[in-house]
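Subject: A structure for you to explore

Hi there,

Here is the structure I promised to pass on to you. Have a look around it first, and then read on for what turned up.

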Amino acid sequence: MARMRGLKPEWISDPKVWRTEILAGLVVGLALIPEAISFSIITGVDPAIGLFASFTMAVTISVVGGRRAMISAATGAVALVIAPLNREYGFGYLVAAVILAGVFQIALGALGVAKLMRFVPRSVMVGFVNALAILVFMAQVPEMHDVPWAVYPLIAGGLLLLVFFPRVSRVVPAPLVSIVVLTVITLAAGIAVPTVGDKGELPSSLPVPGLPDVPFTLDTLTTVAPYALAMALVGLMESLMTAKLVDDITDTRSNKTRESIGQGIANIVTGFFGGMGGCAMIGQTMINVRVSGARTRLSTFLAGSFLLVLCVVFGPVVSDIPMAALVAVMVMVCFATFDWHSIAPSTLKRMPAGEIAVMVVSVAVVVATSNLAVGVVVGSITALVIFAKRVAHLVDVTSVTDPDGGRVVYSVTGELFFASANDLVTRFDYATDPDEVVIDLSATHIWDASSVAALDAIETEYGQRGKRVEIVGLNPPSADLHKTLSGELTAGHRPATAPGSACLRGAAASAPGAAGHAPDEDMASLPEE
């Protein structure tokens with residue numbers, strides 16, 4: 001949260017902050033124009049639809065969002081999700097889907113979906129960032145293919161300005177300087193290169209609110225609901241990942257629940273204004289935060305406002321901006337976004353193979369599908385499988401037999417869950433053990449029904465041989481789970497064949513969190529990001 005003096009943020013009285021935020025908003029507003037037009041083409045709608053969506057998303061999220069300085073607008077991920085609906089049923093159904101997606105996002109935000117972000121591993125996050133940089137660069141390749149030769153020196157000149165101008169002055173953002181200089185050069189010299197105007201006609205009037213032109217029936221709801229839910233999930237995934245990335249860059253915290261609900265509100269507003277919806281834009285957010293140095297909601301609000309003003313009032317001027325200038329800015333964003341340290345040979349030598357595999361899988365899936373959300377899900381699942389396999393191998397069973405040979409004590413260490421419990425049954429010597437068997441679980445924790453079933457199977461194996469099993473050392477949560485499920489997981493199953501052949505001891509005497517394991521209640525008290 002920004003520091004406050006009375007009811008006003010402290011930065012309100014700082015002219016340097018105002019200059020940075022205003023110029024950052026102008027740069028992002030310019031960068032949003034070709035992107036919004038391109039996403040409109042992907043969706044199959046008029047360019048004005050994407051531009052209006054970017055305006056309403058940015059302005060609304062600047063007020064209701066949970067991450068300061070993050071840019072939300074029309075995005076490619078959302079465009080890919082709803083484009084089939086527009087092609088098959090028409091624009092009215094698209095607008096209805098955008099509004100319903102906003103409702104879904106508000107509901108998911110209120111249910112705490114943002115808390116799931118804590119389960120995204122760092123290796124997935126690194127893969128997400130690197131894949132983002134690759135996707136943004138790939139999106140610029142068409143602008144460098146089959147174009148006049150003059151485009152290439154213009155891009156090179158823009159990159160030189162972006163690299164070296166900040167060493168001269170940081171008063172004006174380098175991206176804005178690059179865009180202005182390259183535009184002046186092309187106009188003054190009469191160089192014929194692709195421009196923003198070539199992407200589509202800019203709007204000449206303000207958006208007007210209204211209801212979607214669809215029949216308000218159950219059939220309409222069943223038609224748009226699947227697309228709306230997919231849009232809501234993809235939008236939230238990208239927005240929350242972007243918010244987490246900005247948190248890391250700025251070393252500040254954001255309210256992910258508020259951001260989730262805010263995205264829903266922004267999409268509802270955008271839908272009523274006839275827009276195509278959207279979510280957080282990572283590339284433009286990087287321009288705003290990393291390249292331009294913006295840190296407040298003002299830059300986000302001004303980015304949307306400048307976008308509309310530039311299109312409606314200064315449309316002819318903006319149309320003359322060479323695409324080469326914007327390509328140079330986006331290529332610089334790619335370079336600054338990519339985590340080069342993650343692929344350094346020294347890093348790869350120290351990094352566990354599983355972590356590298358998760359990062360590579362995340363990048364590969366994102367690049368293959370052009371969908372950041374899918375990459376995050378697949379990467380997280382891969383990390384879960386690798387983690388489960390690694391932890392399962394940490395379970396160890398040791399045994400000590402009394403000198404008189406009448407009793408054996410098995411000590412189990414490690415975490416007992418579905419991946420490790422399956423092998424537990426094979427670690428006991430049922431045939432040759434004495435008649436009294438003690439299983440000490442004071443150094444472990446029972447996490448699921450698979451573990452209880454494994455213990456039941458062990459007791460059954462011993463019971464069939466007339467041997468008595470005693471389980472000791474369970475901490476309270478493990479004891480409660482064992483008591484609830486033992487003997488109930490298989491029809492007709494009982495842990496032992498004779499009364500009193502198995503017993504449970506030591507649960508009440510064990511302290512909560514024994515052997516480094518916290519009770520389940522502690523898991524719910526982790527702080528939300």
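How much space lies in the second largest pocket? In this predicted model, that pocket holds about 710 Å³. It is lined by 31 residues, and those closest to its centre are Glu35, Phe39, Gly76, Leu135 and Ala139. Helix H1 provides the largest share, with six residues. Sorted by class, the lining has 19 nonpolar, eight polar and four charged residues.

Rolling a probe the size of a water molecule over the atoms shows where empty space is left. Searching the whole structure gives three cavities of 30 Å³ or more. The largest cavity has a volume of about 50 Å³. Its lining consists of Ile61, Ser62, Gly65, Gly66, Arg67, Arg68, Ala69, Met70, Glu259, Arg297 and Thr300. Helix H2 (47–64) and helix H11 (297–312) are the elements that give two or more residues to this lining. By class, the lining of the largest cavity has three nonpolar, four polar and four charged residues.

A disulfide is a covalent bond between the sulfur atoms of two cysteines. The structure has zero disulfides.

Finally, the aromatic rings. There are eight aromatic pairs in the whole structure. One of them joins Phe335 and Trp340, with 5.4 Å from centre to centre and 45 degrees between the planes, a tilted pair. Phe335 counts as exposed because its relative accessibility is 51%, while Trp340, at 44%, counts as partly exposed. Tyr410 and Phe428 form another tilted pair, with centres 4.5 Å apart and planes at 55 degrees. This pair links distant parts of the chain, 18 residues apart: Tyr410 is in strand S6 (residues 407–416), and Phe428 is in the loop between helix H17 (418–424) and strand S7 (436–446). Tyr410 and Phe428 are both buried. Ring pairs also join Tyr410, Phe428, Tyr430 and Tyr462 into a cluster.

Enjoy exploring!

Best wishes

Methods:
Residues are numbered from 1 along each chain as its sequence is written. This is a predicted model: local features need pLDDT of at least 70, side-chain atom pairs count only at pLDDT 80 or more; totals for chains, interfaces and linings use all residues. Side-chain values use heavy atoms; hydrogens and water are left out. A disulfide is a pair of cysteine sulfur atoms within 2.5 Å. On a 1 Å grid over the protein atoms alone, a cavity is a set of points where a 1.4 Å probe fits but cannot get out, and a pocket is an open set with protein on both sides within 12 Å along at least five of seven lines; lining residues have an atom within 4 Å of a point. Grid points are joined across faces, edges and corners, and a volume is the space filled by probe spheres set on the points. Helices (H or I, at least four residues) and strands (E, at least two) are DSSP runs, numbered from the N terminus. Ala, Val, Leu, Ile, Met, Phe, Trp, Tyr, Cys and Pro count as nonpolar, Asp, Glu, Lys and Arg as charged, and the others, Gly among them, as polar. Rings of Phe, Tyr and Trp (its six-membered ring) pair if their centres lie within 6.5 Å; planes under 30 degrees apart count as stacked, over 60 as edge-to-face and the rest as tilted. Buried means under 20% relative accessible area, exposed over 50%, partly exposed in between (1.4 Å probe, protein chains only).
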